[in-house]
Amino acid sequence: MNAYEEYMREITQGMRDELTTAGFNELNTPEAVEQFMDSNQGTALVVVNSVCGCAAGLARPAAVRSLAHNKKPEQLVTVFAGQDREATNKMREYFEGVEPSSPSMAIIKDGELQHFIPREQIEGAEVEDIIQQLTNSYDQFC
(Lines give C-alpha, C1' and ligand atoms only; values in the text may rest on other atoms or scores of the structure.)
Protein backbone atom coordinates (compact mmCIF):
# COMPACT_ATOMS: atom_id res chain seq x y z
CA MET A 1 0.00 0.00 0.00
CA ASN A 2 1.45 3.36 -0.97
CA ALA A 3 1.44 6.43 1.29
CA TYR A 4 -1.64 7.93 -0.41
CA GLU A 5 -3.67 4.73 -0.03
CA GLU A 6 -2.62 4.43 3.61
CA TYR A 7 -3.57 8.07 4.26
CA MET A 8 -6.99 7.60 2.62
CA ARG A 9 -7.58 4.39 4.57
CA GLU A 10 -6.93 6.31 7.81
CA ILE A 11 -9.11 9.25 6.76
CA THR A 12 -12.05 7.03 5.82
CA GLN A 13 -11.93 4.72 8.84
CA GLY A 14 -14.46 6.79 10.80
CA MET A 15 -16.78 6.79 7.77
CA ARG A 16 -16.54 2.99 7.65
CA ASP A 17 -17.02 2.69 11.41
CA GLU A 18 -20.24 4.69 11.30
CA LEU A 19 -21.85 1.82 9.38
CA THR A 20 -20.01 -1.18 10.82
CA THR A 21 -20.80 -0.03 14.38
CA ALA A 22 -24.48 -0.09 13.36
CA GLY A 23 -24.16 -3.72 12.22
CA PHE A 24 -23.18 -3.41 8.56
CA ASN A 25 -20.66 -5.91 7.20
CA GLU A 26 -18.05 -4.44 4.90
CA LEU A 27 -17.47 -6.21 1.62
CA ASN A 28 -13.93 -5.19 0.67
CA THR A 29 -13.21 -7.52 -2.26
CA PRO A 30 -15.03 -8.67 -5.40
CA GLU A 31 -14.93 -12.20 -3.98
CA ALA A 32 -16.69 -11.08 -0.79
CA VAL A 33 -19.39 -9.38 -2.89
CA GLU A 34 -19.87 -12.49 -5.05
CA GLN A 35 -20.05 -14.74 -2.01
CA PHE A 36 -22.62 -12.47 -0.37
CA MET A 37 -24.77 -12.15 -3.48
CA ASP A 38 -24.61 -15.86 -4.28
CA SER A 39 -25.75 -16.77 -0.77
CA ASN A 40 -28.19 -13.89 -0.17
CA GLN A 41 -31.46 -15.14 1.27
CA GLY A 42 -34.15 -12.74 2.34
CA THR A 43 -33.63 -9.01 2.26
CA ALA A 44 -30.48 -6.94 2.53
CA LEU A 45 -29.73 -3.25 2.65
CA VAL A 46 -26.63 -2.41 0.62
CA VAL A 47 -25.04 0.99 1.23
CA VAL A 48 -22.54 2.24 -1.32
CA ASN A 49 -20.53 4.43 1.02
CA SER A 50 -18.59 7.53 -0.07
CA VAL A 51 -16.40 10.30 1.31
CA CYS A 52 -18.67 13.08 0.05
CA GLY A 53 -20.65 15.40 2.26
CA CYS A 54 -24.03 13.94 1.31
CA ALA A 55 -22.82 10.52 2.50
CA ALA A 56 -21.70 12.01 5.82
CA GLY A 57 -24.67 14.25 6.48
CA LEU A 58 -27.46 12.28 4.81
CA ALA A 59 -26.85 8.74 3.54
CA ARG A 60 -25.05 7.14 6.49
CA PRO A 61 -27.24 8.79 9.17
CA ALA A 62 -30.41 7.83 7.25
CA ALA A 63 -29.28 4.24 6.79
CA VAL A 64 -28.42 3.87 10.48
CA ARG A 65 -31.56 5.61 11.75
CA SER A 66 -33.81 3.59 9.41
CA LEU A 67 -32.84 0.46 11.32
CA ALA A 68 -35.03 1.57 14.24
CA HIS A 69 -38.07 0.72 12.07
CA ASN A 70 -40.14 -2.28 13.16
CA LYS A 71 -39.44 -4.05 9.85
CA LYS A 72 -35.89 -4.07 8.54
CA PRO A 73 -33.63 -6.12 6.27
CA GLU A 74 -32.12 -9.31 7.64
CA GLN A 75 -28.68 -8.42 6.32
CA LEU A 76 -26.74 -5.14 6.20
CA VAL A 77 -23.73 -4.73 3.93
CA THR A 78 -21.63 -1.92 2.58
CA VAL A 79 -19.03 -1.28 -0.10
CA PHE A 80 -16.92 1.87 -0.19
CA ALA A 81 -16.79 3.70 -3.53
CA GLY A 82 -13.42 5.22 -4.30
CA GLN A 83 -11.73 3.09 -1.63
CA ASP A 84 -12.63 -0.53 -2.32
CA ARG A 85 -13.04 0.05 -6.04
CA GLU A 86 -13.08 -3.56 -7.21
CA ALA A 87 -15.66 -4.58 -4.60
CA THR A 88 -17.82 -1.56 -5.45
CA ASN A 89 -17.62 -2.28 -9.18
CA LYS A 90 -18.59 -5.91 -8.55
CA MET A 91 -21.60 -4.88 -6.44
CA ARG A 92 -22.70 -2.45 -9.13
CA GLU A 93 -22.81 -5.34 -11.62
CA TYR A 94 -25.76 -6.66 -9.62
CA PHE A 95 -27.62 -3.35 -9.97
CA GLU A 96 -28.79 -4.05 -13.52
CA GLY A 97 -30.00 -1.02 -15.44
CA VAL A 98 -28.84 1.39 -12.74
CA GLU A 99 -26.15 3.99 -13.36
CA PRO A 100 -23.22 3.97 -10.89
CA SER A 101 -23.98 6.33 -8.05
CA SER A 102 -22.32 7.06 -4.74
CA PRO A 103 -23.50 7.31 -2.18
CA SER A 104 -26.47 5.11 -2.90
CA MET A 105 -28.57 2.45 -1.22
CA ALA A 106 -30.20 -0.69 -2.52
CA ILE A 107 -32.66 -3.23 -1.23
CA ILE A 108 -31.75 -6.72 -2.42
CA LYS A 109 -34.06 -9.67 -1.93
CA ASP A 110 -32.88 -13.19 -2.68
CA GLY A 111 -30.04 -11.73 -4.75
CA GLU A 112 -32.29 -9.47 -6.86
CA LEU A 113 -32.41 -5.66 -6.82
CA GLN A 114 -35.80 -4.50 -5.53
CA HIS A 115 -35.30 -0.80 -4.78
CA PHE A 116 -32.50 1.69 -5.45
CA ILE A 117 -31.89 5.15 -4.02
CA PRO A 118 -29.29 7.01 -6.13
CA ARG A 119 -27.23 9.99 -5.11
CA GLU A 120 -29.73 12.28 -6.85
CA GLN A 121 -32.39 11.25 -4.30
CA ILE A 122 -29.96 11.70 -1.39
CA GLU A 123 -28.14 14.93 -2.17
CA GLY A 124 -30.28 17.89 -1.17
CA ALA A 125 -32.90 15.72 0.54
CA GLU A 126 -33.73 15.74 4.24
CA VAL A 127 -32.52 12.81 6.35
CA GLU A 128 -36.16 12.12 7.32
CA ASP A 129 -37.16 11.83 3.63
CA ILE A 130 -34.42 9.27 2.98
CA ILE A 131 -35.41 7.33 6.10
CA GLN A 132 -39.01 7.33 4.83
CA GLN A 133 -37.90 5.95 1.45
CA LEU A 134 -35.96 3.21 3.21
CA THR A 135 -38.69 2.28 5.68
CA ASN A 136 -41.31 2.22 2.89
CA SER A 137 -39.11 -0.24 1.01
CA TYR A 138 -38.62 -2.29 4.21
CA ASP A 139 -42.42 -2.48 4.60
CA GLN A 140 -42.74 -3.63 1.00
CA PHE A 141 -39.86 -6.11 0.75
CA CYS A 142 -39.01 -7.31 4.29
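## Lysine 90 and its partners

In this predicted model, lysine 90 forms a salt bridge with glutamate 34, with the closest N and O atoms 3.1 Å apart. The pair links distant parts of the chain: lysine 90 sits in helix H4 (residues 85-93) and glutamate 34 in helix H2 (residues 30-39), 56 residues apart. Lysine 90 is buried, at 16% relative accessible area, whereas glutamate 34 is partly exposed at 32%.

Lysine 90 also meets glutamate 93 in a salt bridge of 3.0 Å, N to O. Both residues belong to helix H4 and are 3 residues apart, about one turn of the helix. Glutamate 93 is exposed, with a relative accessible area of 52%.

## Other salt bridges

The whole structure contains 8 salt bridges. One of them joins glutamate 18 to arginine 60, the closest N and O atoms being 2.9 Å apart. Glutamate 18 is in helix H1 (residues 3-20) and arginine 60 in helix H3 (residues 53-66), so this pair ties together parts 42 residues apart in sequence. Glutamate 18 is partly exposed at 31% relative accessibility; arginine 60 is buried at 4%.

A network of salt bridges links Arg9, Arg16, Glu26 and Asp84.

## Negative surface patch

Glu74, Glu96, Asp110 and Glu112 form a negative surface patch. Glutamate 112 lies in strand E5 (residues 112-117).

## Overall fold

The protein chain has 5 helices and 5 strands, in the order α-β-α-β-α-β-α-β-β-α from the N terminus. Its radius of gyration is 14 Å, close to the 14 Å that the globule rule gives for 142 residues, so the chain is as compact as a globular protein of that length. The C-alpha atoms fill a box of roughly 45 × 35 × 30 Å along the principal axes. Of the 142 residues, 46% are buried.

Methods
Residues numbered from 1 in each chain as written. Predicted model: local features only at pLDDT ≥ 70, side-chain atom pairs only at ≥ 80, totals over all residues. Heavy atoms only, no water. Patch = residues over 30% accessible without salt bridge, like charges linked within 9 Å, V, L, I, M, F, W, Y side chains within 5 Å. Areas by Shrake-Rupley, 256 points an atom, 1.4 Å probe, with all protein chains shown as cover. Salt bridge = Lys/Arg side-chain N within 4 Å of Asp/Glu carboxyl O. Lys, Arg positive; Asp, Glu negative; His and termini not counted. Charge placed at Lys NZ, Arg CZ, Asp CG, Glu CD. Helix = DSSP H or I, 4+ residues; strand = E, 2+ residues; numbered from the N terminus. Rg over C-alpha atoms; globule rule 2.2 N^0.38 Å. Buried < 20%, exposed > 50% of the residue type's maximum accessible area, 1.4 Å probe, protein only.
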